[in-house]
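Please examine the structure shown below.

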Amino acid sequence: MLNCIYCDKPKFTLGKGSKEHAILSSLGGRKLSQNICCVDCNNRLGKSIDDGLSNNLSPISTQLNIKTGRNKKAPTQINAVKLGDESYNLLPTGEMLRSGVQKEFNKSEGVTSFRIIANNKEQALKVLEGQLKAKGKSLNDVKDGIITEVSQYGAQISHTFSFTENDLRSIAKMALTMLATKISPERLRDKAFVNVVNYINGNDEYADDIVFSDTNTEFPSEHKLSDINHRIFIYASQEENLCIALVELYGGFKFSVLLSREWCGPNLACCYVIDPITTEKLDYDICFNTNLNFILANRACHQEKAIQQLKPLFDFITESDFITESDLKREEAKIISANLEKFNLVSLDSNCSEEVLKAIVTDLTQMYLKRPSSTRSKLV
């Protein structure tokens, strides 16, 4: 039977404890241990420290459209996108949607006029039909109506990444979980890890010594899958009596974690790497060629280096420009459908006139060149 390392009270059978992820499941992590803690402590620490880190990094999770370790979608970012004077929600698919539908109905001299702004034609018509039905009317009762479909570009997303002490506790917990997959449950419960366990639990006595946002330490250039992968390196030195972890999130956020100054086990060097998009992973022992005392003596964070280290991540995101292949196909289909409706055609084939084909090519060109455009059609 094993005791929980975070509360020391509940007992559980080997391999039957709560599931702890080496990289948070919400960030796409898959590797886990069930030899660490009880369900109550997992839930407690999940709410108090893990949720904050997950929320802090969630804009990246959404833009990369990752699936969590529990196969859930990344969260929708509410009012995260700015386009002109308006805000839009950002979906994991890359779609931008309004938070709500704008409705304006005015009655004058027995005539009701309306204006509806929605995400698409179908949504606007559904809202209009609902409003008409409530008044005992239908679309057939509309005397005059115009549908305007607008395409705009230049959307912007901004977010400030700032890591709180509880975020750093979560990173320490991930590092300790990774170590738990490499050492015996008995060694994990050794006094050598008391300080880091207390820190994860909220004790700040050694807060200045355990986790650093670290731009000084050189992470291995090998053992890499992509520019946006998560990586954890564990190093333990019998000679130096030290155990340290290097944690890298989304390829650019880098941290060094002091797990123990009283390591008495054998030398250890290993890594775990996962691409949160493809879920491809690496998990193996590596060569030990690192001076741990040097890392502890020189770790620090410099803003210019931090920005430089994040550049590959943001280049990866901006290269896609938030437009996926499915987005392009959806926009292409809308353009073709709108032109077929405009020219009273059922399908696009070799019998279509030059005028139809030219109109479609013009609209597709505007889309690819990201020129704002609008198309108008009659409602009735």
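**Aromatic rings, a sheet and a buried glutamate**

Ring pairs link F161, F163, F253, F255 and F314 into a cluster. Rings of Phe, Tyr and Trp (its six-membered ring) count as a pair if their centres lie within 6.5 Å; planes under 30 degrees apart are called stacked, those over 60 edge-to-face, and the rest tilted. The model is a predicted one, in which local features need pLDDT of at least 70 and side-chain atom pairs count only at pLDDT 80 or more, whereas totals for chains, interfaces and linings use all residues. Residues are numbered from 1 along each chain as its sequence is written, and side-chain values use heavy atoms, with hydrogens and water left out.

The structure holds 8 aromatic pairs. One of them joins F219 and F233 edge-to-face, at 6.5 Å centre to centre and with 80° between the planes. F219 lies in the loop between β12 (211–213) and β13 (230–237), while F233 belongs to strand β13, so the pair ties together parts that are 14 residues apart in sequence. Helices (H or I, at least four residues) and strands (E, at least two) are DSSP runs, numbered from the N terminus. Both F219 and F233 are buried, a word that stands for under 20% relative accessible area, with exposed meaning over 50% and partly exposed in between (1.4 Å probe, protein chains only).

Strands of a sheet pair through backbone hydrogen bonds, either parallel or antiparallel. Between β13 and β14 (residues 242–249), the antiparallel pairing runs over 7 bridges, and F233 stands opposite L246 in β14. Contact means heavy atoms within 4.5 Å.

Finally, consider E20, which is found in strand β3 (residues 20–21). E20 is buried, with a relative accessible area of 2%. Not counting residues up to four places away in sequence, E20 touches K31, L32, S33, I36, C37, N42, K173 and T177.

Note on methods: Two strands pair if DSSP finds at least two bridges between them.
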